[in-house]
Amino acid sequence: MLEGEEKLVKFVGNRIAFSCIGRVTSLNGEPEKFITVQAISSVGNTEETQTDSLGNYRIRGLVPGNKYTIQLKLEDHLERSSPYQIDATVIQSDVSDANFIVFRKVRRYDITGIVHADDQWLHTLEVKLYDEERASPDNVLIKKLGPGNFFHFSSLPNSNYHIAVSTSLSSRLYTSTEDVKVIENLKWPRTHVELKFNTSFIQDSQDVPDQSIWGLVSMVGMVLVFFYWKWIVELIKKFRSEVDLIKNKKLSLIHI
C-alpha cells in the first residue's frame with residue numbers, strides 16, 4: 001500500500017465451536033443452582049459446566065458436525081431429571097432451550113423402640129413424638145402400646161425430635177415416672193430408642209373415695225333439711241311427745 005492510500009478490507013470469520021444453552025429448575029419452577037450439566041459427544045469427548053444462581057447454563061466448545069448427548073450429572077442429593085437426556089446435533093448454530101427439571105431425593109427416616117414397663121400397665125401407655133422444628137399440636141405423633149411394648153414411627157423427615165412415654169393412669173391414685181429423650185439430627189435410616197416407665201399406687205389414695213362419699217352424704221342431708229324442715233320439726237315434736245308419754249306411764253306404775 002502506498003502512503004496515504006485507503007483500501008477496504010473485509011474479514012470473514014468462521015465459528016469453529018458452538019454452545020448449548022438451557023436452564024435447570026425444580027418441579028415447582030424454582031431455579032436449581034450448582035447443577036453440573038454435561039455434553040458428551042459421539043466419540044466420547046465431554047464438555048461440562050454448572051448452572052448459575054438462576055439455574056441457567058451454557059456449555060461451550062461444541063464442534064460442528066458432532067452429535068452430543070446433553071444430560072445432568074446426578075449427585076447424591078439428586079434422584080433423576082426430566083428429560084433424562086437431550087440428543088442434539090451441532091451444525092452451524094448454538095443448541096438452545098435444552099431445559100431440564102430435576103428431582104431431589106426425599107430422605108425419610110424411621111424411629112423404633114421399646115418401653116420397659118410392667119406388662120399390666122402397657123395398655124395404659126402411649127408414646128408421643130414431637131418435632132422441634134414443626135412444634136404444634138398437629139405435628140405430635142402418637143403410638144398406643146399394648147399388648148406389646150414395641151413402637152414404630154415411619155417416614156419421618158430429618159429433624160430434632162423429643163420422644164416421651166405417658167400414661168392414662170390417674171395422677172390422684174398413682175405416682176408415675178415418664179421417660180423423655182431427645183433425638184438430634186437423624187443420621188441413620190433407622191434409629192432405635194429405649195424408654196422406661198415406672199408407677200406406684202398412692203397409699204393414701206384409698207381414703208379419697210371415702211371422703212368423697214361422706215361429703216356427698218352430708219350435702220344430701222343438708223338439702224333434705226332445707227326442703228323438709230317443717231316435716232322434720234313435726235316428726236321431732238311427735239317423737240318427744242311419745243317419749244314424755246312413756247315416761248309418765250312409768251311414773252304412774254311406780255306410784256302404784
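## Basis

This is a predicted model, in which local features need pLDDT of at least 70 and side-chain atom pairs count only at pLDDT 80 or more, while totals for chains, interfaces and linings use all residues. Residues are numbered from 1 along each chain as its sequence is written, and side-chain values use heavy atoms, with hydrogens and water left out.

## Overall make-up

The protein has 2 helices and 16 strands; these are DSSP runs numbered from the N terminus, with helices being H or I of at least four residues and strands E of at least two. Of its 256 residues, 27% are buried. Buried means under 20% relative accessible area, exposed over 50%, and partly exposed in between (1.4 Å probe, protein chains only).

Carbon and sulfur atoms hold 55% of the accessible surface, which is about 18700 Å² in total (Shrake-Rupley method, 1.4 Å probe; for residues, only the protein chains shown count as cover). Among contacts (heavy atoms within 4.5 Å) between residues at least 6 apart in sequence, 62% join residues at least 24 apart.

## Backbone

Most residues other than glycine have a negative phi, and most peptide bonds are trans. The bond from S82 to P83 is cis, with omega near -5°; P83 belongs to the loop between β6 (78-82) and β7 (85-89). The bond from G146 to P147 is also cis, with omega near 0°, and P147 is in the loop between β11 (140-144) and β12 (150-156).

Positive phi values occur at D97, near 55°, and at S155, about 55°; neither residue is a glycine. D97 is in the loop between β7 and β8 (100-104) and, at 64% relative accessibility, is exposed. S155 lies within strand β12 and is partly exposed at 47%.

## Aromatic rings

The whole structure contains 3 aromatic pairs. In one of them, the ring centres of Y174 and F201 are 5.5 Å apart and the planes meet at 70°, so this pair is edge-to-face. Rings of Phe, Tyr and Trp (its six-membered ring) pair if their centres lie within 6.5 Å, with planes under 30 degrees apart counted as stacked, over 60 as edge-to-face and the rest as tilted. Y174 is in strand β14 (residues 174-178) and F201 in strand β16 (residues 190-201), so the pair ties together parts 27 residues apart in sequence.

F201 is partly exposed, at 40% relative accessible area. Ring pairs join W121, Y174 and F201 in a cluster. R80 lies over the face of F103, 4.0 Å from the ring centre; a charge sits over a ring if NZ of Lys or CZ of Arg is within 6 Å of the ring centre and within 35 degrees of the ring normal.
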